[in-house]
Structure formats: structure tokens, C-alpha cells
Amino acid sequence: GRSYCVRTQRMLNQCLESLVQKVQSGVVINFEKSGPDPAPIGEDGLVDSSRPINSFASQPWHSCHKLIYVRPNPKTGVPVGHWPIPESFWPDQNSPTLVTHPVVRFSCVDCEPMVIDKLPFDKYELEPSPLTQYILERKSPHTCWQVFVSSSGKYSELGHPFGYLKASTTLTCVNLFVMPYNYPVLLPLL
């Protein structure tokens, strides 16, 4: 945090300019782990099967309420996206309020990142959190974890994947890639 003591109009303008520079545009998302924890990774970057997986103990990275940065187009200043984050197919009848932040579930199963030429995708950087720290510590920039929205499909509790979480190749940040819904089936068809 920071406080400002404004005594003149000029100081007010400087303080407002300082605040505007610090404001990040983005969307808050609830990230929640679905399924078991991933296998631990050893010092060599390979799966370490000698260490036990404790899937039942809650860890800080299992559930995070964090921002994804939505970068505006540098020419127009307007954020541009190609694909929406899906919504639940059936609304929760027991919820007394509307959902304000999407709940995105991630599976800790390592998958190959998928993209094809000429099919757009959206890439959003995640705000630093226990989840991003955990993914970066795994030092696996060539694998990803698929993301889902519960009840987004009619016949499945978890629905189909609509994208994935992936560490940047330089291991400096984690990105959310948003693709067309059920992209693992769609991309091979295209």
C-alpha cells in the first residue's frame, strides 16, 4: 500500500498519475485444483517416484483467487480476446447469488501444449501466487495443465478443457492459454 498527502492541485495530478501507472487491467479468477496432485519432480527435473504424493492435504496452491492480466491492444488501447471462458451448463440452484468470478479448475496431469497455425488463441499472464510459484518450481516449460469449468458440458461433471496453464519458456511467469472449447478434439480435426 501507499498513502499520499495532497496539498496542492499539482500534487493531486502527480498522485493520480502515479496511481494510474500502477493499475493493472485484468480479470479475477478462482483457480481450483481438480484430481490428485502431480508426481513430485526431483533435482534433475524428472519425476521422483521415491517421494510420496499427498493429495489430501490442502496446499495454498490448490485454490487461488487471482488476477489474470488482460493486456490492451497497443494501437487501440482496447483489450482483444478471441475465446470466452466457458460458463456452467446448468446454473447452481443452491447458490443464492450470481457467480461474479469464474471458477476455473485445473488438472495436474502433464499434457503437451497444443496450438495450430492460423487458429487464434488467447494468452493471459497470471498474477504471482502460490499456484504460479508451484508451477514455476517444477521447471517444466514444455508441459501444461488443462483447465476446465465444472458443469460446462451436459454429460460430464468437469466438462471439456478450454485451455491450459503453462510456464513460460524462460520460467519467469505462468500463462493461461484460452482455446476453443474441447480443443484437444477440435484441433486435430482442423
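## Strand pairing

Phenylalanine 31 has cysteine 64, in strand S2, as its bridge partner. Strands S1 and S2 pair in the antiparallel sense, over seven bridges. Two strands count as paired if DSSP finds at least two bridges between them. Strands themselves (E, at least two residues) and helices (H or I, at least four residues) are DSSP runs, numbered from the N terminus. Strands S1 and S3 run parallel and are joined by five bridges. Within S3, phenylalanine 106 is the bridge partner of lysine 33.

The model described here is predicted: local features need pLDDT of at least 70 and side-chain atom pairs count only at pLDDT 80 or more, while totals for chains, interfaces and linings use all residues. Residues are numbered from 1 along each chain as its sequence is written, and side-chain values use heavy atoms, with hydrogens and water left out.

## Salt bridges

Side chains of opposite charge can pair when their charged atoms come close. Four salt bridges are present in the structure, each being a side-chain nitrogen of Lys or Arg within 4 Å of a carboxyl oxygen of Asp or Glu. One of them links arginine 105 to glutamate 32, with 2.6 Å between the closest N and O atoms. Because arginine 105 belongs to strand S3 (residues 103–107) and glutamate 32 to strand S1 (residues 26–34), this pair ties together parts that are 73 residues apart in sequence. Arginine 105 is partly exposed at 22% relative accessible area, and glutamate 32 is partly exposed at 25%. Here buried means under 20% relative accessible area, exposed means over 50%, and partly exposed lies in between (1.4 Å probe, protein chains only).

Arginine 71 forms a salt bridge with glutamate 125, and their closest N and O atoms are 3.1 Å apart. Arginine 71 lies in the loop between strand S2 (63–69) and S3, and glutamate 125 lies in strand S4 (residues 122–126), so this pair ties together parts that are 54 residues apart in sequence. Arginine 71 is partly exposed at 48%, as is glutamate 125 at 26%. Aspartate 37 and lysine 33 also form a salt bridge, with closest N and O atoms 3.1 Å apart. Aspartate 37 is buried at 11% relative accessibility, and lysine 33 is buried at 16%.

A search of the whole structure finds one cavity of 30 Å³ or more. On a 1 Å grid over the protein atoms alone, a cavity is a set of points where a 1.4 Å probe fits but cannot get out, and its lining residues have an atom within 4 Å of a point. The largest cavity has a volume of about 80 Å³, a volume being the space filled by probe spheres set on the grid points, which are joined across faces, edges and corners.

Residues lining the largest cavity include Asp110, Arg138, Trp145 and Lys166.

## Cysteines and a buried leucine

No disulfides are found in a search of the whole structure, a disulfide being a pair of cysteine sulfur atoms within 2.5 Å. Cysteine 64 is buried, at 6% relative accessible area, and cysteine 173 is buried at 15%.

Leucine 187 is placed in helix H3 (residues 183–189) and is buried, with a relative accessible area of 4%. Leucine 187 and leucine 119 are 68 residues apart in sequence, and their C-alpha atoms are 8.8 Å apart in space.

Methods: On a 1 Å grid over the protein atoms alone, a cavity is a set of points where a 1.4 Å probe fits but cannot get out, and a pocket is an open set with protein on both sides within 12 Å along at least five of seven lines; lining residues have an atom within 4 Å of a point.
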